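Here are my notes on this one, point by point. Have the viewer open while you read.

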Amino acid sequence: ASSTASAKARGLLLGVTLGDAMGAAFEGHRHVDGEQLLQQERATTRLRYTDDTALTLALARHLAERSNPAPIDEDSLAVELAREWQREPWRGYGRGTREVFERVLRGTAWPEASGGGFQGRGSYGNGAAMRVAPVALVGTSPQHVVELARRSARVTHAHPDGQLGAMPQSCAVFLALHSDPEVPLERGRFLHRLARTVNHAEWRSRLEEVRELLDEASPASAAARLGNDATAGASVPLALLAFLRHPDHPAEAVRYAIRAGGDTDTTAAMAAAPTAARTGERGLPSAWLNRLENAATIGALAEALAERVPRCR
Ligand code: F2R
Ligand code: MG
Ligand code: MG
Ligand code: MG
């Protein structure tokens, strides 16, 4: 892999992990003030990640073991994700996803396993969006990436909204990965490309709301407007805003997402993915990286996937 692809792939995976691990202490808090966040940043304790990262890494391993043009095999992916939960069930999984994994491990095929939750409606939680970032490393175009996102999502999230959330998230990571960090990001154009690629009325209006908040919204007012809970529709827009507020500064994007409260591990992980894919690993604070569990293994997995990144500037 080129050194740029390598640095960007490492940024992407380590960024997700750091966002998740920094945000984990505040998951479910209504508000997070600057003082609480500063205390977390100054601590020297190990940074432990949650289900967000565990499943992101499982998806990354799945992709690393397969080559284009069919890098996702849903039957295997469902089992691999479920086994990851079984291996470390204490990482803080959502109830719906736990139930899907139980069914998969009992031998139920993924379409029924994932369709059986929430009275047969399937989950529209943000679990598919939170783990989707690695598909951006193997996708060859925005369209290809959102298709991979949908396929990776549906093994646990049968509800269309659960799958849809993974699409703008994956597309944002892809566009950021392939952006030149030396050239200022044209944020309006970026949102326009996301909207065009996802091509869905509800998401067009969500992305329009994000655009309206680009210049001045505080984290709290952004959360009030866009939502900050564990559903895909009310967390991915906030994460995109956190990224677009600070496209060249992963730590600031993570801080913005955490300050917005709610599902902080997840929104911070989703905000960090595109930001650190754009800046590369050098954008991540070394003080955080030094505290991160399994950083060497995660870096090695990123290197393996970097080989697959098509022509990175
Ligand atoms: N689950 C958590 N955190 C809370 C508990 C953690 C605790 N510290 C612990 O250790 O146990 N975090 C993780 O879950 C989120 C990802 O969720 P996922 O995987 O999509 O799960 P689920 O359960 O399918 O959906 C999450 C919530 O969304 C709502 N929801 C989804 N579909 C619905 C439907 N059809 N109808 C109504 N509500 C639906 C529910 O409230 C679900 O609980 C991330 O935050 C990750 O960090
Ligand atoms: Mg989590
Ligand atoms: Mg098959
Ligand atoms: Mg969460």
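Which of the 24 residues around ligand 1 come nearest? Keep in mind as you look that this is a predicted model.

1. **Who sits closest.** Gly96, Thr97, Ser123, His157 and Asp263 come nearest to ligand 1, out of the 24 residues around it. Sorted by class, that shell holds 12 polar, 7 charged and 5 nonpolar residues.

2. **Polar contacts to ligand 1.** A nitrogen atom of ligand 1 is 2.9 Å from a polar backbone atom of Gly122, and a nitrogen atom of the ligand is 3.2 Å from a polar backbone atom of Gly92. For a side-chain contact, go to Thr266: one of its polar side-chain atoms lies 3.0 Å from an oxygen atom of ligand 1.

3. **Cover and where it comes from.** On its own, ligand 1 has 920 Å² of accessible area, and the protein covers 69% of that. Helices H3 (51-64), H5 (95-105), H8 (127-130) and H17 (264-279) are the elements that give two or more residues to the shell. H5 gives the most, with 3 residues.

4. **The magnesium ion, ligand 2.** Which protein donors does this ion have? They are Thr50 through OG1, plus Asp51, Asp52 and Asp265 through OD atoms, at 2.1 to 2.3 Å from the magnesium ion. Along the chain these donors follow the spacing T-D-D-x212-D. Thr50 lies in the loop between helix H2 (34-42) and H3, while Asp265 is in helix H17, so this pair ties together parts that are 215 residues apart in sequence.

5. **The cavity.** How many cavities of 30 Å³ or more are there? The count comes to 1, and the largest cavity holds about 30 Å³ of space. Its lining is made of Arg95, Gly96, Glu99, Arg103, Gly117 and Phe118, which divide into 3 charged, 2 polar and 1 nonpolar. H5 and helix H7 (117-120) are the elements that give two or more residues to this lining, and H5 gives the most, with 4.

Notes
Residues are numbered from 1 along each chain as its sequence is written. Chains are lettered from A and ligands numbered from 1 in the order in which they are written. This is a predicted model: local features need pLDDT of at least 70, side-chain atom pairs count only at pLDDT 80 or more; totals for chains, interfaces and linings use all residues. Side-chain values use heavy atoms; hydrogens and water are left out. A residue is near a molecule or strand if one of its heavy atoms lies within 4 Å of it. A polar contact is a pair of N or O atoms within 3.5 Å; within protein, one must be able to donate a hydrogen and the other to accept it, and residues adjacent in sequence count only if both atoms are side-chain atoms. Accessible areas come from the Shrake-Rupley method with a 1.4 Å probe; for residues, only the protein chains shown count as cover. Ala, Val, Leu, Ile, Met, Phe, Trp, Tyr, Cys and Pro count as nonpolar, Asp, Glu, Lys and Arg as charged, and the others, Gly among them, as polar. On a 1 Å grid over the protein atoms alone, a cavity is a set of points where a 1.4 Å probe fits but cannot get out, and a pocket is an open set with protein on both sides within 12 Å along at least five of seven lines; lining residues have an atom within 4 Å of a point. Grid points are joined across faces, edges and corners, and a volume is the space filled by probe spheres set on the points. Donors are N, O and S atoms within 2.8 Å of the metal (3.2 Å for Na, K and Ca); water is not among the atoms, so sites may look incomplete.
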